[in-house]
Structure formats: structure tokens, C-alpha cells
Amino acid sequence: MTLPEAQSGFRHFHEQLDTLKDRLMTMSERAEGLVDLAVDALLKQDKDRADAVIAGDRELDVLEVEIEQLAVSLLALQQPMARDLRFIISAIKISSDLERVGDHAVNIAQCALRLVAMRSTITREPEIEDMARRSRQMLSDALDAFIRADGLLGREVCKADDQVDALMNSLFRILLTHMMADARTINPSLELLLVGRNLERVADLATNIGEDAVFLAEGKQIKHRYEEYERDRLTGAGSPTA
């Protein structure tokens with residue numbers, strides 16, 4: 001291969017990497033938007049917004065396939081190394097996580113539709129809005145951390161998941177109190193619990209992306225506390241004594 005051919009191939013590879021980044025950013029923006037729209041549909045009891053979320057999920061499905069195809073093509077034809085290889089492998093995982101975020105937005109929209117059908121006046125529990133805001137911010141920060149290869153921000157996203165979990169526990173206690181006090185609130189309260197669970201899962205998926213950002217930036221695997229396990233294994237900490 002001549003030098004001009006090698007340079008051309010190098011440019012083409014990085015152009016494809018940039019395209020992959022752009023697709024991921026677009027997919028993240030669409031996923032965040034669907035979560036926002038779904039929660040808005042819930043709080044405003046708006047059937048049209050809920051229907052728009054369900055219809056919009058199709059775009060995420062298409063983007064996931066496009067990203068996967070591009071990533072596989074880069075792996076097969078370019079044989080990337082080091083950080084580029086970690087980026088491409090993680091991009092496939094992240095596109096799957098973002099597609100699942102869309103599924104959770106659809107679940108929330110379906111809860112909204114059922115509440116509309118019940119003609120139920122729901123209490124606007126602040127925990128739901130807070131969970132939605134935090135989950136969406138986590139999603140935005142996680143992808144930003146990944147695109148910028150910012151391990152510190154990725155770790156901050158992972159830490160933020162504890163706050164969403166605490167809000168879910170608080171929501172559960174509040175709704176359980178409502179159901180015990182008035183049986184008429186059972187069905188709508190159960191729908192709100194489902195909404196909370198779906199927002200909690202969005203935060204979990206954002207955490208996955210934050211972990212991928214750390215892997216990309218530092219080459220360290222922190223999923224399932226693997227980093228702590230590996231450190232203990234290497235130092236002998238926690239080993240049974242003779």
C-alpha cells in the first residue's frame with residue numbers, strides 16, 4: 001500500500017468514527033426526548049403525547065441497527081486497536097442501552113394512556129418529576145462522558161444512580177400509604193409505581209453508559225464492582241487465612 005493510500009484509509013476510518021459518534025449523539029437526544037415526552041404525557045394526561053412517544057420509538061430501533069452495522073463494518077474492515085477498538089465495542093452496547101431507554105419511555109406512555117382511560121385524577125408526586133429530571137440528566141452526562149472519553153464524569157454518573165434509587169424508595173412508600181388509605185387509589189398508584197420503575201431503569205441504563213465511558217477513558221472495567229474485585233484479588237485482600 002502506498003503512503004497516499006494509507007493516508008486516505010486513515011482519513012476514511014476517522015470519518016466513519018465521527019459518523020458513529022454523530023449517530024450515537026442523535027440516538028441519545030431522541031431517547032432523552034422520548035422520556036421527557038412520556039413523562040409530560042403522564043403529568044398532563046395527554047393521549048396525543050403518549051401516542052407520539054409510542055410512534056417515535058421506531059426511530060430508535062432504526063438508529064440501533066444503523067449503529068450496529070457501522071460498528072461491525074469498522075471492526076471487520078479496519079481492525080482498530082486500543083481506544084478505537086474500545087470505542088467501537090462500547091458503541092454497540094450503548095446503542096442497545098439507548099434502544100431500551102426508548103422501550104421504557106413507551107412503557108411510561110402506556111401507563112399514561114391507561115390512566116387517561118381510567119379518568120383518574122392522579123396526584124403529581126414530586127418524586128416522579130425529580131426522577132425524570134435526574135434520569136434524563138444522567139443519560140445526557142453519560143453519553144457526553146463517553147464521547148469525550150471523560151472517566152471522571154462517567155464515575156459521577158454512576159454515583160448519581162443512588163439518588164434515583166432513593167427517590168424510587170420514597171415514591172413506593174408514599175403510594176403504598178395512598179393505597180392503604182383509599183382502595184380507589186390502588187390502580188392509579190400501581191401505574192405510577194410502574195412509571196417509577198421505568199425511570200429507575202433509565203437511570204440504570206445511563207449508569208451502564210457511564211461505566212462504558214470509564215472503560216473507554218481508562219481501560220478499566222467498573223461494572224459489577226469488578227474494579228474492586230480485581231484490586232482485592234491482586235493484593236490478596238479478602239483471601240481466606242490458613
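Visitor: Why is Arg-30 called partly exposed?
Guide: Its relative accessibility is 35%. Buried means under 20% relative accessible area, exposed means over 50%, and partly exposed lies in between (1.4 Å probe, protein chains only). Arg-30 falls in between, so it counts as partly exposed.

Visitor: What kind of model is this?
Guide: This is a predicted model, where local features need pLDDT of at least 70 and side-chain atom pairs pLDDT 80 or more, while totals for chains, interfaces and linings use all residues. Residues are numbered from 1 along each chain as its sequence is written, and side-chain values use heavy atoms, without hydrogens and water.

Visitor: What makes Arg-30 and Glu-59 a salt bridge?
Guide: A salt bridge needs a side-chain nitrogen of Lys or Arg within 4 Å of a carboxyl oxygen of Asp or Glu. Here the N to O distance is 2.9 Å, so the pair qualifies. Arg-30 is in helix H1 (residues 3-44) and Glu-59 in helix H2 (residues 47-78), 29 residues apart. Helices are DSSP runs (H or I, at least four residues), as are strands (E, at least two), numbered from the N terminus.

Visitor: How do you know that Asp-212 is buried?
Guide: Its relative accessible area is 3%, so it falls on the buried side of the cut-off. Asp-212 also forms a salt bridge with Lys-93, at 3.0 Å, N to O. Asp-212 lies in helix H6 (residues 186-218) and Lys-93 in helix H3 (residues 82-118), so the pair ties together parts 119 residues apart in sequence.

Visitor: Why is Arg-133 called exposed?
Guide: Its relative accessible area is 51%, so Arg-133 passes the cut-off for exposed. Arg-133 forms a salt bridge with Asp-130, their closest N and O atoms being 2.6 Å apart. Both lie in helix H4 (residues 126-148), three residues apart, about one turn of the helix.

Visitor: How many aromatic pairs does the structure hold?
Guide: One. The rings of Phe-87 and Phe-146 have centres 4.9 Å apart and planes at 20 degrees, so the pair is stacked. Phe-87 lies in helix H3 and Phe-146 in helix H4, so the pair ties together parts 59 residues apart in sequence. Rings of Phe, Tyr and Trp (its six-membered ring) pair with centres within 6.5 Å; planes under 30 degrees apart are stacked, over 60 edge-to-face, the rest tilted.

Visitor: What makes Lys-21 lie over the face of Phe-87?
Guide: NZ of Lys or CZ of Arg must be within 6 Å of the ring centre and within 35 degrees of the ring normal. Lys-21 lies over the face of Phe-87, at 5.6 Å from the ring centre.
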